[in-house]
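Q: I have a model open on my screen. Could you walk me through reading its features?

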Amino acid sequence: MPAERTVVEVEGRRLSLSHLDKPMYPASGFTKAAVLHHYGQVAPLMLPHLDGRPASFVRCPGGVDGERFWAKRVPPGAPDWISDLEVELRTGPASQVVVADLATLIWAANLDTIEFHVPQWRDAPELHDRLIVDLDPGEGADMLHCCAAALAVRTVLAEDGFEVWAKTSGSKGLHLTVPLVPAPAVQVNAYAKRLAQRLKAAYPQLIVSRMGKELRRDRVLLDWSQNASAKTTVAAYSLRALAEPTVSTPVGWQEIADCRDPAELSFTADDLPERLARLGDLHAPLLDPSVARRLPG
């Protein structure tokens, strides 16, 4: 029997939505319709952070408990109005979707896309316009360790003249974003590595800069490699393909400093409407070119 479809118009584009009652998160009963609703609600805040960046999708056709796969290329049958960008992947040149508007966001979510990931550059991989500090807790560490590490990172970055904005990963860690005057990728990656090494030296009982499992026990990995042009980071306001519909959510520095329980910095799609109505987009300053700073010479 053909799948039941609902045709909607989104900003003048006709979209055919299917399987709206499919349980994407079986543990909570969060359906595909709820996924689409989430992205429709957060779109005004999320889209500016996706603009100009080639998106990678984590698609879960059977929900988060089923098989999943990464989708980087524009899929066959994509509407001709989808914006794309030519990107050099490991497998060769490819066109990737740029999520430029609400219609594209809903179209992608209708493909059973749970997660949206983007790189640290827009338009051209040779120039990065932001630095990402990915804080990932090892075995025995948790969000509280990440908060302590984040405060340490912020202090060191301030010494170099940088402001930094934070968000939850939607999983166990934190992502810190530094807006940059566009700089060569190799220089950004080199600075990120030096930063990780400085922090490891200053806080050896808290931070590590290498991925070895034993090194990470009870500590937080500062994953500087996320600044490579080929790497991506989950976008702000993206759902995560975990047991519950958690969301990568911008947070304030006072929230990080005050955190006493990891649950305080875990947000689901149901938490977002009230939070966003109260706080707005805490990552909005990242869109202001005047906050970008140059890498140290």
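Q: Is D129 buried or exposed?
A: Buried means under 20% relative accessible area, exposed over 50%, and partly exposed in between (1.4 Å probe, protein chains only). D129 has a relative accessible area of 16%, so D129 is buried. One caution on the source: this is a predicted model, where local features need pLDDT of at least 70, side-chain atom pairs count only at pLDDT 80 or more, and totals for chains, interfaces and linings use all residues. Residues are numbered from 1 along each chain as its sequence is written, and side-chain values use heavy atoms, with hydrogens and water left out.

Q: Which residue forms a salt bridge with D129?
A: A salt bridge is a side-chain nitrogen of Lys or Arg within 4 Å of a carboxyl oxygen of Asp or Glu. The partner of D129 is R122, with the closest N and O atoms 3.1 Å apart. R122 is partly exposed, at 27% relative accessible area. Salt bridges also link D51, R53, R122 and D129 in a network.

Q: How many salt bridges are there by this rule?
A: The count is 12. One of them joins R278 to E274, with N and O 2.8 Å apart at the closest. Both residues sit in helix 7 (residues 272-279), four residues apart, about one turn of the helix. Helices (H or I, at least four residues) and strands (E, at least two) are DSSP runs, numbered from the N terminus. R278 counts as exposed, at 52% relative accessibility. E274 is partly exposed, with a relative accessible area of 48%.

Q: Where do R217 and E139 lie in the chain?
A: Start with the contact: their side chains meet in a salt bridge, 3.3 Å from N to O. This pair links distant parts of the chain, 78 residues apart. R217 is in the loop between helix 5 (213-216) and strand 14 (220-223). E139 is in the loop between strand 10 (127-137) and helix 3 (143-159). R217 is partly exposed at 31% relative accessibility, and E139 is partly exposed at 47%.

Q: Which residues does T104 touch?
A: Contact means heavy atoms within 4.5 Å. Leaving out residues up to four places away in sequence, T104 touches W81, I82, V97, V98 and V99. T104 lies in helix 2 (residues 102-110). T104 is buried, with a relative accessible area of 0%.

Q: What volume does the largest pocket have?
A: On a 1 Å grid over the protein atoms alone, a pocket is an open set of points where a 1.4 Å probe fits, with protein on both sides within 12 Å along at least five of seven lines. Its volume is the space filled by probe spheres set on the points, which are joined across faces, edges and corners. Here the largest pocket comes to about 390 Å³.

Q: Which residues lie nearest the centre of the largest pocket?
A: Lining residues have an atom within 4 Å of a point. There are 20 of them, and K72, L89, S229, A230 and K231 lie nearest the centre. Strand 7 (residues 84-89) gives the most to the lining, with four residues.
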